[in-house]
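Visitor: I have a structure to look at and some questions. Could you guide me through it?

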Amino acid sequence: MKHAEADGVQKVRKSRVQRLIRLILATFDPRAWAHFVKVMNYYNYTHVQELRKATVSPTANIAPNAGFANAQNIVIEDNVTLGAYCQIWAGPNQARVVIGKDALFAPDVMVTATTYRYNDGAPVTDQAMDEADITIGPDCWLGRGATILAGAELGQGCIVGAHAVVRGTFPPYSVIVGSPARVVSQRSLPDS
């Protein structure tokens, strides 16, 4: 055992001068600037431009790296929180995504109001898409990595577990988990 430790690999640490030189060289590297332009373009067309088209309450709290598509069909009501890397994709024609007040989205939640057909030939990207409205009621909490599919309706106060795949209609205050998602409990609230 002692011999194996002696042969171990150690990370080579750069000195401050070496790190400074690396920073200076990176500053003048045209590949870094080209990548910067690509990232800014992506951010502009998935976040900035799309949010301008959406109906968003001024009290909504949206992570700067959340992405949107077809935002003219997206409604985000009061006090909604969208966590890091959430993606909200409405339909390109008419399918709307409506997120009720006080809804809370953990990171990496995906909401998509469209899906490709798959029996109309190949490649799949040449096929038509089906779209359906999505309604997420007020006071819903969507766990990390949840996926909400076209046509889903979540009643007020629903809780969606991490990585659940939600399709269909769920009554208010349901606790939903799994793939496909199913009701496992009911949320109970203290009497006001």
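Visitor: How many bridges join strand β4 and strand β7, and in which sense do they pair?

Guide: This is a predicted model, where local features need pLDDT of at least 70, side-chain atom pairs count only at pLDDT 80 or more, and totals for chains, interfaces and linings use all residues. Residues are numbered from 1 along each chain as its sequence is written, and side-chain values use heavy atoms, without hydrogens and water. Strands are DSSP runs of E, at least two residues long, numbered from the N terminus, and two of them pair if DSSP finds at least two bridges between them. Residues 74-76 form β4 and residues 97-99 form β7; the answer is three bridges, in the parallel sense.

Visitor: Which residue in β7 is the bridge partner of Ile74?

Guide: Look across from Ile74 to β7. The bridge partner there is Val97.

Visitor: Which strands are at the edges of the open sheet of six strands?

Guide: The order is β1-β4-β7-β12-β15-β18, with parallel pairing. An edge strand pairs on one side only. That gives β1 (55-56) and β18 (169-170).

Visitor: Which residues have the most contacts inside the largest nonpolar core?

Guide: A nonpolar core joins buried (under 20% relative accessible area, 1.4 Å probe, protein chains only) Ala, Val, Leu, Ile, Met, Phe, Trp, Tyr and Cys residues through side-chain atoms within 4.5 Å. This core has 36 residues. Strands β4, β7 and β12 (134-136) each give two or more residues to this core. The residues with the most contacts inside it are Ile99, Phe105 and Leu154.

Methods:
Helix = DSSP H or I, 4+ residues; strand = E, 2+ residues; numbered from the N terminus. Buried < 20%, exposed > 50% of the residue type's maximum accessible area, 1.4 Å probe, protein only.
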